[in-house]
Amino acid sequence: MQTIVGWHIEMEFQEIGHRTECAAMVRLQDGTEMRARGEAIRHPDDQEQPRVGEELAAARCLNDLAHQLMNKAGSEIEEVTHLKAHLAL
């Protein structure tokens, strides 16, 4: 049996001076909402490249979200198996 599931991740960016901030939210099928943040800080001597700041901030934000998902999955495994889950990212 094949099951198709889709997740939508909302991401927003804000640039303030030399800093780019990213905020993300994902809503899982069980109703859980997970939120994460990431930022990138441009060195004052570097050229302005907003896309690069967004990419770095997004990568850090999604990395945070990935860790949260791993922790949630580990907790759910432990709940069923009653053994410590050893998950690696």
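Predicted model: local features only at pLDDT ≥ 70, side-chain atom pairs only at ≥ 80, totals over all residues.
Residues are numbered from 1 along each chain as its sequence is written, and side-chain values use heavy atoms, with hydrogens and water left out.

I read the volume of the largest pocket as about 260 Å³. A pocket here is an open set of points on a 1 Å grid over the protein atoms alone, where a 1.4 Å probe fits, with protein on both sides within 12 Å along at least five of seven lines, and lining residues have an atom within 4 Å of a point. The volume is the space filled by probe spheres set on the points, which are joined across faces, edges and corners. Of the 16 residues in the lining, I listed Arg42, Gln47, Gln49, Val52 and Gly53 as the closest to the centre. Strand 3 (33-41) and helix 1 (50-81) each supply at least two lining residues; these elements are DSSP runs, helices being H or I of at least four residues and strands E of at least two, numbered from the N terminus. By class I have five nonpolar, six polar and five charged residues in the lining, where Asp, Glu, Lys and Arg count as charged, Ala, Val, Leu, Ile, Met, Phe, Trp, Tyr, Cys and Pro as nonpolar, and the others, Gly among them, as polar.

I traced an open sheet of three strands in the order 1-2-3 with antiparallel pairing, two strands being paired if DSSP finds at least two bridges between them. Strand 1 (9-16) and strand 3 stand at the edges with a single partner strand each, so one side of each has no neighbour in the sheet. Strand 1 and strand 2 pair over eight bridges, with Met11 opposite Ala24, and their hairpin has two residues between the strands, Gly17 in the turn having a positive phi of about 60°. Strand 2 (residues 19-27) pairs with strand 3 over nine bridges; I checked Arg19, whose bridge partner is Ile41, and Arg27, which stands opposite Glu33.

**Helix 1.** I then looked at Lys72, which is found in helix 1 and whose side chain makes a polar contact with that of Glu76 at 2.3 Å (a pair of N or O atoms within 3.5 Å, one able to donate a hydrogen and the other to accept it, with residues adjacent in sequence counted only if both atoms are side-chain atoms).
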